[in-house]
Amino acid sequence: MKRMGMIFRAKANKALDRAEDPRETLDYSYQKQLELLQKVRRGVADVATSRKRLELQLNQLQSQSTKLEDQGRKALALGREDLAREALSRRAALQQQVTDLETQHATLQGEEEKLTLAAQRLQAKVDAFRTKKETIKATYTAAQAQTRIAESFSGISEEMGDVGLAIQRAEDKTAQLQARAGAIDELLASGALDDQSGMHKDEIQAELDRISGGSDVELELQRMKAELAGGSSQQAIEGGTGQSQSQQQPQDTPRFDKQ
């Protein structure tokens with residue numbers, strides 16, 4: 001079971017690593033940081049709202065305290081010491097509330113300052129991460145494109161590998177068909193296979209046709225030689241007869257001796 005679990009985790013890790021895109025991971029991390037920054041800003045706004053509400057309550061309590069002080073002073077001026085004492089007692093209770101609210105106000109103001117500083121620092125980190133993210137994405141994209149181009153030139157990419165396999169299969173089939181055609185021609189020439197179309201002749205018939213064609217040429221050549229030889233003999237005979245007549249003519253011509 002442990003081995004099966006390890007194999008399963010290894011397969012899952014390999015599948016996740018193959019499916020993971022660093023650019024998408026960086027974008028997701030940046031989105032989460034933006035969400036965190038938004039929460040911090042919302043917290044600053046909530047604290048500031050609470051502080052503002054406390055300030056309003058403090059202003060109201062201080063107004064009531066001032067009013068009670070004025071009423072006690074007037075009651076004392078009219079000789080109503082009891083009313084003056086009651087007004088001062090209420091004013092003392094309000095002062096205690098004012099003190100508590102001022103303490104809460106100071107605490108909220110400190111929290112607001114801390115959250116504001118944290119938001120500023122987080123904003124700076126988010127901006128720096130965004131710049132680094134874009135740089136890494138650009139570098140990764142360039143490296144990916146360069147790798148694909150190199151794989152295409154070297155022929156080890158998946159697409160070029162498929163093309164290479166297709167070319168290899170086409171060449172193998174072409175060679176197989178050429179070999180089959182050559183074998184069939186040899187079998188037809190040797191007479192092992194019959195040519196059903198009647199267009200193919202075996203070697204013996206081809207040799208007989210060649211000899212017959214050669215005999216016709218030889219006969220024609222002998223006839224032409226005989227014609228040429230006969231013409232030359234007749235011209236030679238005619239030439240010889242003319243020469244004899246020219247040699248006999250001077251003997252028949254009378255000669256006159258000069259006295």
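These are my notebook entries on a predicted model of one protein chain.

**Ground rules**

I number residues from 1 along each chain as its sequence is written, and my side-chain values use heavy atoms, with hydrogens and water left out.

**Entry 1: the overall layout**

I began with the secondary structure and found 5 helices and 0 strands in the protein chain. Along the sequence I read the pattern as α-α-α-α-α. For my own record, helices (H or I, at least four residues) and strands (E, at least two) are DSSP runs, numbered from the N terminus.

Next I looked up burial. Of the 259 residues in the protein chain, 12% are buried. The scale I use calls a residue buried under 20% relative accessible area, exposed over 50% and partly exposed in between, with a 1.4 Å probe and protein chains only.

I also noted the surface: the protein chain exposes about 21,400 Å², and carbon and sulfur atoms supply 55% of that area. These areas come from the Shrake-Rupley method with a 1.4 Å probe, and for residues only the protein chains shown count as cover.

Then I turned to contacts, meaning heavy atoms within 4.5 Å. Among those in the protein chain between residues at least 6 apart in sequence, 74% join residues at least 24 apart.

**Entry 2: the nonpolar cores**

Which residues make up the largest nonpolar core? I listed 7 in all: Leu 54, Leu 58, Leu 61, Leu 68, Leu 94, Val 98 and Leu 101. The elements giving two or more residues to this core are α2 and α3, and α2 gives the most, with 4 residues. By a nonpolar core I mean a set of buried Ala, Val, Leu, Ile, Met, Phe, Trp, Tyr and Cys residues joined through side-chain atoms within 4.5 Å.

There is a second, separate core of 6 residues, and it includes Leu 37, Val 40, Ala 119 and Val 126.

Setting aside its neighbours within four places in sequence, I found Val 98 in contact with Leu 58, Leu 61 and Gln 62.

His 105 was my next stop, in helix α3. Is His 105 buried or exposed? With a relative accessible area of 14%, His 105 is buried, because the cut-off is under 20%. Beyond residues up to four places away in sequence, His 105 touches Arg 51, Leu 54, Glu 55 and Leu 58.

**Entry 3: a pair of rings**

I searched for aromatic pairs and the structure holds 1. The ring centres of Tyr 30 and Phe 129 are 6.4 Å apart and their planes lie at 15°, so the pair is stacked. The rule covers rings of Phe, Tyr and Trp (its six-membered ring) with centres within 6.5 Å: planes under 30 degrees apart count as stacked, over 60 as edge-to-face and the rest as tilted.

The pair links distant parts of the chain, with Tyr 30 in helix α2 (residues 22–77) and Phe 129 in helix α3 (residues 81–154), 99 residues apart.

Tyr 30 is buried, at a relative accessible area of 16%. Lys 133 lies over the face of Tyr 30, at 5.1 Å from the ring centre; for this I need NZ of Lys or CZ of Arg within 6 Å of the ring centre and within 35 degrees of the ring normal. Not counting residues up to four places away in sequence, Tyr 30 touches Val 126, Phe 129, Arg 130 and Lys 133. Tyr 30 and Val 126 are 96 residues apart in sequence, yet 7.3 Å apart in space, C-alpha to C-alpha.

**Entry 4: Arg 23 and Tyr 140**

I found Arg 23 in helix α2 and Tyr 140 in helix α3. The side chain of Arg 23 makes a polar contact with the side chain of Gln 144 at 3.3 Å. A polar contact is a pair of N or O atoms within 3.5 Å; within protein, one must be able to donate a hydrogen and the other to accept it, and residues adjacent in sequence count only if both atoms are side-chain atoms.

Tyr 140 is partly exposed, at 30% relative accessibility. Leaving out residues up to four places away in sequence, Tyr 140 touches Asp 21, Pro 22 and Arg 23.

Terms used: This is a predicted model: local features need pLDDT of at least 70, side-chain atom pairs count only at pLDDT 80 or more; totals for chains, interfaces and linings use all residues.
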